Amino acid sequence: MFHRPILASVAPLILASCSGDLSALDPAGPYAGAIADLWWIMLAGAMAILTLVIVLFGLVLFRPDFGRSLSAKGWMIAGGLFLPVPVLIALMTYGMAQGEYLIGAWQNEPVMARVEARGAMWRWDFRYPDIGADMSTTETLHIPAGGVVEVRVTSADVVHSFWIPRLAGKIDAVPGHETVLRIKADVPGRYAGICAEYCGAGHAGMRFTVEAHAPETYRQKLNALTAEVPAS
């Protein structure tokens, strides 16, 4: 009787945590969507195992004769192997397939733009080699919407982690190395990005914004930004 009011008050809080600028469960592109799908499928698999365990526990409680024909060793094999292993194998297979998709091994969609991201305590700098060697921005990454963007990530000092939760998974930014991440925003808009690896006292403020522009205005926007930069 008291459970319904509690559930009614807690459910909105739980559901609210599934949305927002930094929610991986509110994807705005196919790569983030693949990660969100994997999360939901893993949750479904965990719930399936939990449900089976609860059903078996209930049968043991309310039907004392249930399972007496099976030895203790048989219960260990059935409960420890035959029950969870098929679910875990299915989840692992699906997860590996999604991982191959995320690194671009199973998709042939052409790359629309290439950008470079460099983390440094505690900011993100971005360069646009497709536009020009001198084109750069700080704290804001500009990308075209509707196409694959290849991001080459590195660091100027310590290990950071480049993450735009609504567009893709995270990837480490390692000094002296380049790691590659593919992102895609289905529609124009603003998306939040963060450093997902603790990197010092200013880590919490190491955030950036992604502005996804319509493809026909992407270059115009960057050229306009270039024109705004005062000549040195």
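Tutor: What follows is a short talk about a sheet and then about cysteines. This is a predicted model, in which local features need pLDDT of at least 70 and side-chain atom pairs count only at pLDDT 80 or more, while totals for chains, interfaces and linings use all residues. Residues are numbered from 1 along each chain as its sequence is written, and side-chain values use heavy atoms, with hydrogens and water left out.

Student: OK, in what order do the five strands of the open sheet run?

Tutor: The order is E3-E2-E1-E5-E8, with mixed pairing; strands here are DSSP runs (E, at least two residues) numbered from the N terminus, and two strands pair if DSSP finds at least two bridges between them.

Student: And which ones are the edge strands?

Tutor: They are strand E3 (136-138) and strand E8 (179-183), each of which pairs on one side only.

Student: How do E1 and E2 pair?

Tutor: Strand E1, residues 111-120, and strand E2, residues 123-127, pair in the antiparallel sense over five bridges. Ala 117 has Phe 126 in E2 as its bridge partner.

Student: New topic: how many disulfides are there?

Tutor: A search of the whole structure finds zero, where a disulfide is a pair of cysteine sulfur atoms within 2.5 Å.

Student: Is Cys 195 buried or exposed?

Tutor: Cys 195 is buried, with a relative accessible area of 4%, and Cys 199 counts as buried at 8%; buried means under 20% relative accessible area, exposed over 50%, and partly exposed in between, with a 1.4 Å probe and protein chains only.

Note on methods
Helix = DSSP H or I, 4+ residues; strand = E, 2+ residues; numbered from the N terminus.
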